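Let's take a walk through this model together. Have the sequence and the 3D view open as you read.

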Amino acid sequence: MSAHNHTEEHHTGIRVYAAVCLALFVLTGVTVYVAKFDFGDMNIVVAMLVASIKASIVALYFMHLKFEDRLTWIYALYPLFLLFLLIGFTIMETFTRVPVIK
Amino acid sequence: MSSSTAEHAESHAHGHGLGEAVTHSAAKFGMWLFLGTEILLFGGLFAAYALFRAKFPDLFYESHKKLDITLGTINTIVLIFSSFTMALAVSASQKRNRKWLIILLSVTFICGAAFGVNKYFEYSAKFHHGIFPDTNIFYALYFMMTGLHMIHVFIGMGIIFALIIMAKQRRFEKGRYTPVEVGGLYWHLVDLIWIYLFPLLYLIG
């Protein structure tokens with residue numbers, strides 16, 4: 001039993017990697033193109049949605065997260081939860097302060 | 001880290017492969033843990049960005065117009081392409097194809113260098129136009145976030161350079177490609193962070 005036996009190796013083919021790379025290029029084009037239009041508050045939502053799709057593709061295929069075990073998934077996703085707390089609560093705290101009367 | 005991993009793998013190379021298996025997955029898992037701390041390192045800056053953009057939306061919008069979208073897009077493409085070649089390099093090391101491993105790692109390294117050169121021209125143009133980190137909060141964040149990212153690109157290039165040397169020394173023979181895969185994970189994270197920096201800084205609608 002070896003770490004590098006063929007059951008554990010995941011030979012993602014060059015075609016899959018090329019398709020992933022192409023998809024990332026297209027999505028980059030989409031973000032740049034879409035940024036020319038004004039959707040008001042939805043601008044940032046659209047931009048972050050496309051970025052997150054790209055990031056997910058990179059993590060799943062280039063970083064092989066797709067083939068990792070559950071523990072790796074947990075440790076990959078846990079920082080995102082912390083990030084959500086960090087950003088979410090910073091914003092919430094700032095915009096719920098009672099204005100100081102001068 | 002990578003060299004100790006290789007040594008560790010070597011010490012278990014006599015007969016039983018279980019040690020190698022454990023080392024391989026432990027090294028990968030350790031890198032994922034480290035990447036988590038990296039995300040939170042940038043997370044502080046992302047939080048600051050979110051806060052100040054929400055407070056000063058007009059300033060962010062006006063300031064971002066001075067960034068070069070074309071250069072930013074080129075750099076995004078370069079970095080994605082370098083992730084592609086890195087993924088192929090890992091694949092080549094799994095298939096024990098030393099020649100292609102060295103070629104693909106070199107291409108990845110060159111892409112990193114191209115990214116740096118691009119960024120150098122971008123920074124120079126900003127300084128030339130009198131834009132500095134203390135110009136306003138948008139540029140403070142712009143320089144901090146892209147600067148910290150740039151440091152990561154340089155570290156990544158150092159790791160890739162070390163991998164090229166190791167490959168030339170035939171250190172990844174017999175399928176011991178753990179350092180390549182772990183180094184690859186780091187490089188992909190650098191790409192991943194840029195994927196968010198690009199729209200946040202260059203494409204404020």
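First, some housekeeping. This is a predicted model, so local features need pLDDT of at least 70 and side-chain atom pairs count only at pLDDT 80 or more, while totals for chains, interfaces and linings use all residues. Residues are numbered from 1 along each chain as its sequence is written, and chains are lettered from A and ligands numbered from 1 in the order in which they are written.

Let's begin with chain A. Its secondary structure is three helices and zero strands, where helices (H or I, at least four residues) and strands (E, at least two) are DSSP runs numbered from the N terminus. Along the sequence that reads α-α-α. Of the 102 residues in chain A, 16% are buried; a residue is called buried if 20 or more other C-beta atoms lie within 10 Å of its own, exposed if 12 or fewer, and partly exposed in between, with C-beta atoms placed from the backbone.

Now for where the chains meet. Chain B brings 40 residues to the contact and chain A brings 39 residues, two residues being in contact if their C-beta atoms, placed from the backbone, lie within 7 Å. On the chain B side, helix H2 (18-55), helix H4 (69-94) and helix H7 (178-202) each supply at least two residues. H2(B) gives the largest share, 17 residues. Sorted by class, that side has 25 nonpolar, 13 polar and two charged residues; here Ala, Val, Leu, Ile, Met, Phe, Trp, Tyr, Cys and Pro count as nonpolar, Asp, Glu, Lys and Arg as charged, and the others, Gly among them, as polar.

Zoom in on one helix pair. H1(A) and H4(B) pack at an angle of about 165°, with their axes 10 Å apart; axes are lines fitted to C-alpha atoms, for helices over the stretch in contact, and angles run from 0 to 180 degrees between N-to-C directions. The two helices are therefore roughly antiparallel, a label for angles over 145 degrees. Residues making this contact include Tyr17(A) and Phe25(A) from H1(A), and Ile77(B) and Phe84(B) from H4(B). The residues of this contact divide into 13 nonpolar, three polar and no charged.

Next, the inside. The largest nonpolar core has 67 residues, a core being a set of buried Ala, Val, Leu, Ile, Met, Phe, Trp, Tyr and Cys residues joined through C-beta atoms within 7 Å. Helices of chain A and of chain B contribute to this core, and H7(B) provides the largest share, 16 residues. Leu105(B) is among the residues with the most contacts inside the core. Leaving out residues up to four places away in sequence, Leu105(B) touches Ala89(B), Ile160(B), Leu163(B), Ile164(B) and Ala167(B).

Ile102(B) sits in helix H5 of chain B. Why does Ile102(B) count as partly exposed? Because it has 18 C-beta neighbours inside 10 Å. With the residues up to four places away set aside, Ile102(B) touches Ile164(B), Ala167(B) and Lys168(B).

Finally, look at two loops. His64(A) has a positive phi of about 60° although it is not a glycine, and it lies in the loop between H2 and H3 of chain A. Arg96(B), also not a glycine, has a positive phi near 60° and is found in the loop between H4 and H5 of chain B.

Notes. Angles under 35 degrees count as roughly parallel, over 145 as roughly antiparallel, 65 to 115 as roughly perpendicular and the rest as oblique.
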